[in-house]
Amino acid sequence: MAELGTSLGIVVGYLAITLAVGLVAYRLTDRSAEDYYLASRSVGTVVLLFTTFATLLSAFTFFGGPNLAFSAGPEWILVMGLMDGILFALLWYAIGYKQWLVGKAHGYVTLGEMLGDRFGSTGLRGLVAGVSLLWLFPYVMLQQIGAGQALVGLTDGAVPYWAGAAMITVFMVAYVALSGLRGVAWTDTLQGVFMLGVVWLAVAWVASAAGGVSALTAGMAQANPEFASLGGGLYSPQWMIGTAVVIAFGVAAFPQVNQRFFMADRAETLKRSFALWPVLVLLLFVPAFLLGSWAVGLGITVPDGSNVLPILLNEYTPAWFAALVVAGALAAMMSSSDSMLLSGSSYFTRDLYRPFVAPDASDAREGWIARVGVAVFAASTFVASLLVGGGGGLDVLVTLGDTAFGGYAQLTIPLLLALYWARTTKWGMVAGIAAAEAVYIPHALFAGDVAFLSTTYLTWDYALWCMLVSLVVTVGVSLVTTAAPAENAEKFGVGAD
Amino acid sequence: MNYYHGVMTRNRSDLLWILAFAALVAFAIPWFLWGDATVVAGLPLWLWWHVGWMALASVAFYAFARTGGWDRGVDAGVIRRG
């Protein structure tokens, strides 16, 4: 039981530090929406980079990803490199920098607001917010499932699943409602640095205990010769490219990431973070996923419903260190979820509640609704996580995560067209997004289970085909419709030549 | 003459950046090592490629942000003027 005390002590201590940071931020936050959601567009390089990075990371970095590397091999590192190190960095420039310019010029806080204003359409604004919230829900739920399971694993079941998930949920709601984006960004930075430190310590520890890096790789190659060679098994070129493209494009429209494009204090911040993306990807994913793959050669067995990383660390490092890593994983889940809750609440209050329900709500009322929205959203995902989560089949994490990214990826091509192609019309946007989602959602739910919905067509992932639908329909409908007088391409700097 | 020269240089540097980015995307996964299981200094060779490629990408992105590449294509001036 002494070990249980240590483990819980580390997790509780960690949560207390996070809360303290949130409280300091609360004292600095005024009550305006721009300050609550965007920290008044004042975020510098280090915080922007880490808050985006920590937000991207989730249960997947510590659990789902290493599990995948354990079962299929370390090539996942290359997929992450292409996805987040290269493709997302380029979208960071193409979408992020332009959104930042446009957002600063016109005071936008959300993606829906920006597109709605450009195309003079409250309907488009609502559609973008609605689609975004639809995918946000399962993803937040996924984080809660991960948190609950992490605490069950850490305490050998002394903290039951529901209690772990409930604790994390209550905690997040409290500090998101209090501190707004400034607190979220600061805690993200703390959490990101913490995760990086912990994962490298884990590699050093496991490597020294198991006879060095060469021995670990040799053991892995001996246990499963396919792991050392590039490709094979799950890793086909189509799968690697498809996964990287869909997730990179999905990330760019994920509310909590997309909203970060509005936050930077100046262009210099965006330039610096753009160049640092590949380095950060290298520093985090290589060690995390190598640990998962090396575990194969160490004879680690992972019972159904468990994660490889905590088991590996329990075997090779002291209990307090394994607890530190689980705290790191909780940090990852919380930094994703708190940002998602905050962005979700801004989408709800600004793009749905205000325009459709109460156009003349006061700022104070909007702020109040935003905070209640955070609590209601988190409570609903928590209840949902109780109904689906707890117990076996952790692969549901990966499946749910992948479908959410694909769902967001359907917004990204219409968004790029809106930003760069003056001829894009409101109806093009509405039709493109609606058509792609209408094809994507049935696939996400039933592909492979029913005869006429396949997971791949011509060997390529259905999500890619849906993105193609979004491109073709947005361009096609834009070409056959004319822009209404309220549509103003010059707002995006793509006015008539 | 000078204006014409400036436009030509700009277009050429735009093209070079587009080609550089395309190459960064295309070889982020070292296709030419497909099926290769060579281990160098304790790690698969393709993993060393990944390490080098991410470092190269970072340097390329830095150069893009520092030199005239940044701002090209996004019409920043138009947006600032409103």
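A salt bridge is taken here as a side-chain nitrogen of Lys or Arg within 4 Å of a carboxyl oxygen of Asp or Glu. The model is predicted, so local features need pLDDT of at least 70 and side-chain atom pairs count only at pLDDT 80 or more, while totals for chains, interfaces and linings use all residues. Residues are numbered from 1 along each chain as its sequence is written, chains are lettered from A and ligands numbered from 1 in the order in which they are written, and side-chain values use heavy atoms, with hydrogens and water left out.

Chain B contains three helices and two strands. Helices (H or I, at least four residues) and strands (E, at least two) are DSSP runs, numbered from the N terminus. Their order along the sequence is α-β-β-α-α. Of the 82 residues in chain B, 33% are buried. Buried means under 20% relative accessible area, exposed over 50%, and partly exposed in between (1.4 Å probe, protein chains only). Among contacts in chain B with a separation of 6 or more, 55% join residues 24 or more positions apart. Contact means heavy atoms within 4.5 Å.

Chain B meets chain A through 41 residues, which are in contact with 48 residues of chain A. About 3,700 Å² is buried between the two chains, and carbon and sulfur atoms give 78% of this area. Buried area is the accessible area (1.4 Å probe) that two parts lose on being put together, summed over both. One salt bridge is found across the interface. It pairs the side chains of A:Glu268 and B:Arg66, at 2.8 Å from N to O. On the side of chain B that touches chain A, α1 (2-26), β2 (43-44), α2 (45-66) and α3 (76-81) each supply at least two residues. The most come from α2(B), with 13 residues. By type, this side of chain B has 29 nonpolar, six polar and six charged residues. Ala, Val, Leu, Ile, Met, Phe, Trp, Tyr, Cys and Pro count as nonpolar, Asp, Glu, Lys and Arg as charged, and the others, Gly among them, as polar.

A:Glu268 also forms a salt bridge with A:Arg272, at 3.6 Å from N to O. These two residues are four apart in helix α12 (residues 267-297) of chain A, so about one helical turn separates them. A:Arg272 is partly exposed, with a relative accessible area of 36%.

A:Ser229 lies in the loop between α9 (213-223) and α10 (237-253) of chain A. This serine is buried, at 12% relative accessible area. Beyond its neighbours within four places in sequence, A:Ser229 is in contact with A:Glu75, B:Gly35, B:Asp36, B:Ala37 and B:Trp46.

Over all chains, the structure holds eleven salt bridges. One of them joins A:Arg182 to A:Asp35, with the closest N and O atoms 3.0 Å apart. A:Arg182 is in helix α8 and A:Asp35 in helix α2 (residues 33-38) of chain A, 147 residues apart. Both residues are buried. Another salt bridge joins A:Lys491 to A:Asp117, at 3.2 Å between the closest N and O atoms. A:Lys491 lies in the segment after α18 (462-480) and A:Asp117 in helix α6 (residues 111-118) of chain A, so the pair ties together parts 374 residues apart in sequence. A network of salt bridges links A:Glu113, A:Arg350, A:Arg354 and A:Glu366.
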